[in-house]
Amino acid sequence: MSHAIALVDCNNFYVSCERLFNPRLEGKPVVVLSNNDGCVVSRSNEVKALGLKMAEPWFKLEKLAKQHGIIAYSSNYSLYGDLSARVMSVLAEFSPCQEIYSIDECFLDLDGFDPQALMAYGQTIRQAVKRNVGIPVCVGIAATKTLAKLANYCAKKGLAGADGVCDFGALGEAQRRTLFASLPVGDVWGVGARITERLIAMRIRTVEDLRAANPEAIRGQFSVVLERTVQELNGIPCIELEEIGKPQQQIMVSRSFGSAVTELHDLAESVACFTARAAEKLRRMVRWPPVCVFMSAPIRSRKTSRNTSAR
């Protein structure tokens with residue numbers, strides 16, 4: 001028996017949700033756009049192969065989209081939220097402790113599970129989600145949350161012989177070193193672009209370089225957060241599972257009008273609708289005490305912008 005954590009992450013989640021209701025999209029290049037169709041927030045593997053980056057402004061990509069037949073969908077967060085809840089409900093059956101990290105990924109505590117059976121268990125998780133919800137997922141398994149995130153990345157990329165599931169515990173020490181030496185340090189969870197630049201300047205270019213770094217020296221140069229990352233890369237748990245998520249700081253419902261709104265009645269009707277939806281989200285989170293919902297600003301004039309929201 002050993003300590004193990006699994007990270008289960010939905011593949012291209014928003015695109016997968018659209019494909020679930022339109023199977024003809026399978027195998028085709030598909031993107032989902034942000035609110036107001038501004039930027040790309042989800043890409044199919046076919047689109048990733050074209051080199052299109054996340055958060056690219058859509059207006060810059062229209063020529064490329066026509067050239068390669070890229071299909072674009074406006075985001076439908078109500079649909080994505082519903083399917084996310086179904087995925088998380090299925091995953092909750094596979095562990096007594098679950099941390100929902102985001103809309104499309106969660107951690108599962110596999111502490112005490114048979115290490116020899118974890119690869120097969122990961123495949124069982126994938127099959128259950130696909131069968132019961134229809135969303136494809138990948139599973140990364142390791143001794144810490146940071147390593148589990150990295151294992152999930154390897155599972156998605158098919159590294160270390162992974163077929164949708166990557167278990168670092170099943171790899172020998174020499175195999176792990178070789179794999180980590182091939183991965184850029186920027187692939188580590190929590191290591192952003194600025195930190196990556198500073199690490200490279202210190203000749204820490206790969207995951208293995210960071211793992212071999214002196215934790216105290218890293219703390220002195222950066223922060224205690226990066227020191228914990230180094231410890232986690234060495235299999236020492238420093239980031240605990242959080243079974244109870246932190247409360248949201250705000251709730252927002254926002255849409256754009258298809259045309260200019262000049263009548264107060266039309267604007268008030270939309271704001272009332274958005275406020276009701278925001279209150280519905282709030283009721284799911286808070287049962288007691290009762291909380292009031294306010295509009296972010298009073299209506300002062302009939303001259304309005306084309307975008308309105310309720311918070």
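Is Glu227 buried or exposed? I looked it up: Glu227 is buried, with a relative accessible area of 12%. For my own bookkeeping, buried means under 20% relative accessible area, exposed means over 50%, and partly exposed is in between (1.4 Å probe, protein chains only).

Ground rules before I go on. This is a predicted model, where local features need pLDDT of at least 70 and side-chain atom pairs count only at pLDDT 80 or more, while totals for chains, interfaces and linings use all residues. Residues are numbered from 1 along each chain as its sequence is written, and side-chain values use heavy atoms, with hydrogens and water left out.

**Overall look.** I noted 12 helices and 10 strands in the protein. These are DSSP runs numbered from the N terminus, with helices being H or I of at least four residues and strands being E of at least two. The protein has 311 residues, and 41% of them count as buried. I also checked contacts (heavy atoms within 4.5 Å). Of those between residues at least 6 apart in sequence, 61% join residues at least 24 apart.

**Salt bridges.** I found 10 of them in the structure. The cut-off is a side-chain nitrogen of Lys or Arg within 4 Å of a carboxyl oxygen of Asp or Glu.

**Lys145 and Glu99.** The closest N and O atoms of this salt bridge are 2.7 Å apart. Lys145 sits in helix α6 (residues 145-157) and Glu99 in strand β5 (residues 98-102), so the pair ties together parts that are 46 residues apart in sequence. Lys145 counts as buried at 2% relative accessibility, and Glu99 counts as buried at 6%.

**Glu208 and Arg211.** Here the closest N and O atoms are 3.2 Å apart. Both residues lie in helix α9 (residues 207-211), three residues apart, or about one turn of the helix. I have Glu208 down as buried at 16% and Arg211 as buried at 10%.

Arg219 is partly exposed at 48%, whereas Glu227 is buried.
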